[in-house]
Amino acid sequence: MLKPHRLVMIPGPTPVVRSIQDQMGRETIAFGDPDFIEDFKSVVRDLKELWQCSGQAFVLAGSGTLAMEMAIANISKAGDKALVCSNGFFGDRYAEICRRRGLKVDVLSAEWGSSVTPEDVKNKLSESKYDIVTVTHVETSTGVMAPIDEIGKIVQEHGALFVVDGVAASGGAEEYVDPMGIDVLISCSQKAFGVAPGLAILWASKKALEKRRSLGTILDSYMDFEKWLPVMEDPSKYWGTHPINMIWALKESLRIIKEEGIKERYARHARQAVMVDEAIASMGFSILADKNFRAPTLSVYLYPKEANVDDAKFRALVAEEGAYIASCLGDYAGKGFRMGHMGNIDKHILISAVAAIERAAMRVGIKLEPGKALGILQSGFVEESSN
Ligand code: PMP
């Protein structure tokens with residue numbers, strides 16, 4: 001049988017469009033090439049402008065976890081107090097990173113599927129003084145989006161530094177650094193930017209940069225803002241070798257984002273998330289995230305209980321039918337799947353991904369009306385086009 005093309009519908013990496021692939025496939029040039037230096041400058045400039053950051057944007061080789069660690073390395077010292085708001089697996093990861101760096105950590109946890117609320121944060125901050133508060137914007141283990149705008153205001157009033165993990169959100173869910181009172185926003189290339197894995201991306205507020213200066217020499221060197229600041233201002237300078245082709249790929253991603261319009265990109269993600277959720281739910285799956293906190297970038301769908309679905313078999317069948325989906329984490333492992341709907345995914349991709357899931361669902365014996373989920377998407381797309 002002819003094997004279908006496999007769409008990458010896990011919550012990152014996401015499908016990488018041809019024009020971005022082409023940038024990664026270009027012949028690598030010297031990092032001192034004047035054209036490349038201009039390309040890098042434009043990437044940093046676009047990141048600052050689109051995310052409304054009057055501080056500094058940083059782009060370097062690494063993954064999201066490096067960015068998480070780099071944020072903490074630059075704005076804290078051992079013994080500082082951190083409040084980690086955890087809505088799941090990646091919130092807990094932030095708590096571990098902070099603890100390992102010697103911070104005194106309190107964790108404010110929400111039940112999986114829900115979010116820590118601004119009221120929770122307000123209460124906690126009224127009990128004790130914190131130097132840092134971290135929040136995961138979109139929690140990849142649950143598909144929950146935290147209300148970072150409201151939490152940011154509370155954290156700023158308290159005087160702590162506000163760190164947002166935007167790994168599963170940036171480029172698909174609204175994030176504005178200065179207006180939202182974010183001090184360090186961290187992200188990476190392989191999610192809503194639609195680039196392959198390999199880049200750590202950070203935005204630091206002026207306050208965060210001042211904090212870094214006040215710390216003097218820090219233990220870390222590759223992750224040091226002070227080492228990268230001159231490079232980000234003038235990429236002809238050297239600290240670590242630039243990931244040249246990846247920077248070109250990010251440049252193309254930012255061109256696509258600007259062409260679509262960042263506000264429209266956020267609106268598209270919001271609209272299409274509702275459509276995909278409705279389509280998948282119509283097959284009998286349930287959505288883990290509470291209605292009030294659903295992320296525009298990814299969802300966690302739980303198997304219909306009565307269908308007794310074998311998780312590994314189901315995901316293997318979806319792959320056979322043409323789409324990769326991810327397993328659930330924590331207590332939900334085996335009980336459902338995680339699916340990304342972020343980045344440069346168009347109507348063809350969404351229709352094909354949902355169709356692959358529908359065929360696999362039929363093959364494992366889930367009772368459904370063939371085509372119903374696709375009908376929901378089709379009607380949604382037509383409504384989108386006529387608005
Ligand atoms: N934070 C969140 C919210 C994530 O989803 C991930 C990765 N799935 C990370 C951090 C870690 O990023 P990476 O795997 O690129 O190190």
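**Close-up 1. Strand 9 and its partner strands in the predicted model.** Val-163 has Val-184 of strand 9 as its bridge partner. Helices (H or I, at least four residues) and strands (E, at least two) are DSSP runs, numbered from the N terminus. This is a predicted model, in which local features need pLDDT of at least 70 and side-chain atom pairs count only at pLDDT 80 or more, whereas totals for chains, interfaces and linings use all residues. Residues are numbered from 1 along each chain as its sequence is written, and side-chain values use heavy atoms, with hydrogens and water left out. Strand 8 (residues 161–165) pairs with strand 9 in the parallel sense over 3 bridges, where pairing requires that DSSP finds at least two bridges between two strands. Strand 9 also runs antiparallel to strand 10 (residues 199–204), to which 5 bridges join it. On that side, the bridge partner of Val-184 is Ala-204. Strands of a sheet pair through backbone hydrogen bonds, in either the parallel or the antiparallel sense.

**Close-up 2. Burial of strand 9 on both faces.** In strand 9 (residues 184–188), 5 of 5 residues are buried; buried means under 20% relative accessible area, exposed over 50%, and partly exposed in between (1.4 Å probe, protein chains only). In a regular strand the side chains alternate between the two faces of the sheet. Val-184, Ile-186 and Cys-188 are buried on one side of strand 9, and Leu-185 and Ser-187 are buried on the other.

**Close-up 3. Strand 2 beside strand 10.** Strand 2 (residues 56–61) is largely enclosed by the rest of the structure, because 5 of its 6 residues are buried. Strand 2 and strand 10 are paired in the antiparallel sense over 6 bridges. Gln-56 has Ala-204 of strand 10 as its bridge partner; Ala-204 is also the bridge partner of Val-184.

Close-up 4. The ligand is surrounded by 14 residues, counted as near if one of their heavy atoms lies within 4 Å of the molecule. The closest are Ser-63, Thr-65, Thr-140, Asp-165 and Lys-191. Helix 3 (64–75) and helix 4 (89–100) each contribute at least two residues to the shell, and helix 3 provides the largest share, 3 residues. By class, the shell comprises 5 nonpolar, 6 polar and 3 charged residues. In this classification Ala, Val, Leu, Ile, Met, Phe, Trp, Tyr, Cys and Pro count as nonpolar, Asp, Glu, Lys and Arg as charged, and the others, Gly among them, as polar.

Close-up 5. An N or O atom in the side chain of Thr-65 lies 2.6 Å from an oxygen atom of the ligand. For Asp-165, an N or O atom of the side chain is 2.6 Å from a nitrogen atom of the ligand. In Gln-190, a side-chain N or O atom is 2.9 Å from an oxygen atom of the ligand. Taken alone the ligand exposes 390 Å², of which the protein buries 87%; accessible areas come from the Shrake-Rupley method with a 1.4 Å probe, and for residues only the protein chains shown count as cover.

**Close-up 6. Surroundings of Ser-86.** Ser-86 belongs to strand 3 (residues 81–86) and counts as buried because its relative accessibility is 1%. The side chains of Ser-86 and Asp-92 are joined by a polar contact of 2.7 Å. A polar contact is a pair of N or O atoms within 3.5 Å; within protein, one must be able to donate a hydrogen and the other to accept it, and residues adjacent in sequence count only if both atoms are side-chain atoms. A polar atom of the Ser-86 side chain also lies 3.0 Å from the backbone oxygen of Gly-88.

Close-up 7. Strand 14 pairs with strand 15 (residues 336–340) over 2 bridges in the antiparallel sense, and Ser-327 stands opposite Phe-337 of strand 15.

**Close-up 8. Helix 9 and its buried residues.** Helix 9 (residues 244–260) is mostly covered, with 12 of its 17 residues buried. Among them are Trp-248, Glu-252 and Ser-253.
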